[in-house]
Amino acid sequence: MPSQPDPLTLSQPDWYEQGLPHIWLPYSQMKTAAPPLAAHSTQGSTITLADGSTLTDGVAAWWTACHGYNHPYIRKAVEKQLSTMPHIMFGGTVHKPALTLAHRLSNMLPGDLERVFFTDSGSVAVEVAMKMAIQYRLNKGENGRTKMLAFKGGYHGDTLATMAVCDPEEGMHHLYGSVLSEHIISPLPVDEKSTARFLSLLEQHAHEITAIITEPLVQGAGGMLFHSPDVLRHIRKAADDHNILLILDEIFTGFGRTGTMFACEQADIVPDIVTVSKALTGGTIPLAATIAQRHVYEAFLSDNPEHALMHGPTFMANPLACACANASLDLFEQEPRLAQVNHINTVLTEALEPCRALPGVKDVRTLGAIGVVELEKIENADALRTKFIQAGVWVRPFRNIVYLTPAFTISDAELLTLTDAIYKVLSS
């Protein structure tokens, strides 16, 4: 394979030079962070930069592009919808893409998760779930139950409400502690000690808790921390025992990432409320949804106008985004996505295992289309990211992990390019 230009040393296009001084980048200390790359186009699992060089993408745009970038079937759906109705307000009107999608989602999810509230980001979907859970109690006259129980290692979004149910110490939001609402934070019940603590917190605070919120099977931004389906079953039972709602945040795990369409299927449980986003549209246009069981929805039905859910994002149920999501669900029906995830897991498990013997490696683990090499520590994440770019791959370490969440359509050759790069970079 011929060597490529180094994207970190070449001159950048005019639009980059003119616009970069006016951009505020996410999760970055702008004074010291490495300059961002100038992306030109995407296709499949390849990112082409403005200088013509390419990177094999191991992250799938923060885990969203499950069918690969620029899938022709989704693109065609966008073009068709764009020609008829790109957007219309969802207050007082509805449209076919949204109602079709709501019907399909309710049929795909377990139990009677049947009422779909559309938003345009995962954080907002979680905020809506929290509002539903709180107002569920208020509408029923249970005025003292407004707190959530969340878990250490958890991440549910960057807005003020969702930051309050993220890990308050290890998470990225500890600076806001003094202004956030106070909720109950428990260790995830994965062993005897943490289970005892979890049950003790429920006994002490059940009278003020409306819902438990957790990420099923994988705490993503918390460090790709895995737990077993038994943990979810235990949480569901504890919630039932104390008449507490269960919210599952499937924004990362939903749509095949863990090996089943939804992670909760592996535990054979049904949450009272579930949130989805990220891969919902195949990573094409922002869209999220909060889906509630029938009994949650029925608590909002009343002659009292104040019992309505007062939330309505401007771009709620955007027709373009809903068309993308319907096309994405078509692809899950028409193409062997879950079989591809299973194959990716086999390749990742075998190809990443040699990393376990490298100095500084603490653990190697895989689940579905997720591969993780956990290090004792990462001294300089920017420097490590730069090494991956120079190796021709787009891999974004964070915390103390190097991880892969590739598109489900990635080829074996591309996948091995990624795993080989991880081994070589961590060996150097």
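In this predicted model, the side chains of Asp 249 and His 156 are joined by a polar contact of 2.8 Å. Asp 249 sits in strand E10, which runs over residues 245-249. Setting aside residues up to four places away in sequence, Asp 249 touches His 156 along with Val 126, Tyr 155, Thr 214, Glu 215, Pro 216 and Thr 275.

Asp 249 also turns up in a UniProt record: the unreviewed entry's "binding site" annotation covers Gly 122, Ser 123, Asp 249, Pro 313 and Thr 314. Those positions span 193 residues in sequence, and the farthest two C-alpha atoms are 22.7 Å apart, so they don't all gather at one spot.

Pro 313, from that annotation, is in the loop between H9 and H10. Beyond its neighbours within four places in sequence, Pro 313 contacts Phe 117, Phe 118 and Thr 119.

Phe 117 brings us to the second largest pocket, with Arg 115, Val 116, Phe 117, Tyr 297 and Met 316 the closest to its centre among 21 lining residues. This pocket has a volume of about 520 Å³. Its lining is made up of 17 nonpolar, two polar and two charged residues.

Leaving out neighbours within four places in sequence, its contacts include Cys 66, His 67 and Ile 74.

Here's how buried these residues are:

| Residue | Relative accessibility | Class |
|---|---|---|
| Asp 249 | 5% | buried |
| Pro 313 | 18% | buried |
| Ser 328 | 1% | buried |

Pro 313 counts as buried because its 18% falls under 20%.

Definitions and conventions: Residues numbered from 1 in each chain as written. Predicted model: local features only at pLDDT ≥ 70, side-chain atom pairs only at ≥ 80, totals over all residues. Heavy atoms only, no water. 1 Å grid on protein atoms, 1.4 Å probe; cavity = no way out; pocket = protein on both sides within 12 Å on 5 of 7 lines; lining within 4 Å. Points joined across faces, edges and corners; volume = space filled by probe spheres on them. Nonpolar A, V, L, I, M, F, W, Y, C, P; charged D, E, K, R; others polar. Buried < 20%, exposed > 50% of the residue type's maximum accessible area, 1.4 Å probe, protein only. Contact = heavy atoms within 4.5 Å. UniProt positions renumbered as here; feature names shortened; annotations may be inferred. Helix = DSSP H or I, 4+ residues; strand = E, 2+ residues; numbered from the N terminus. Polar contact = N/O pair within 3.5 Å; in protein donor to acceptor, adjacent residues only side chain to side chain.
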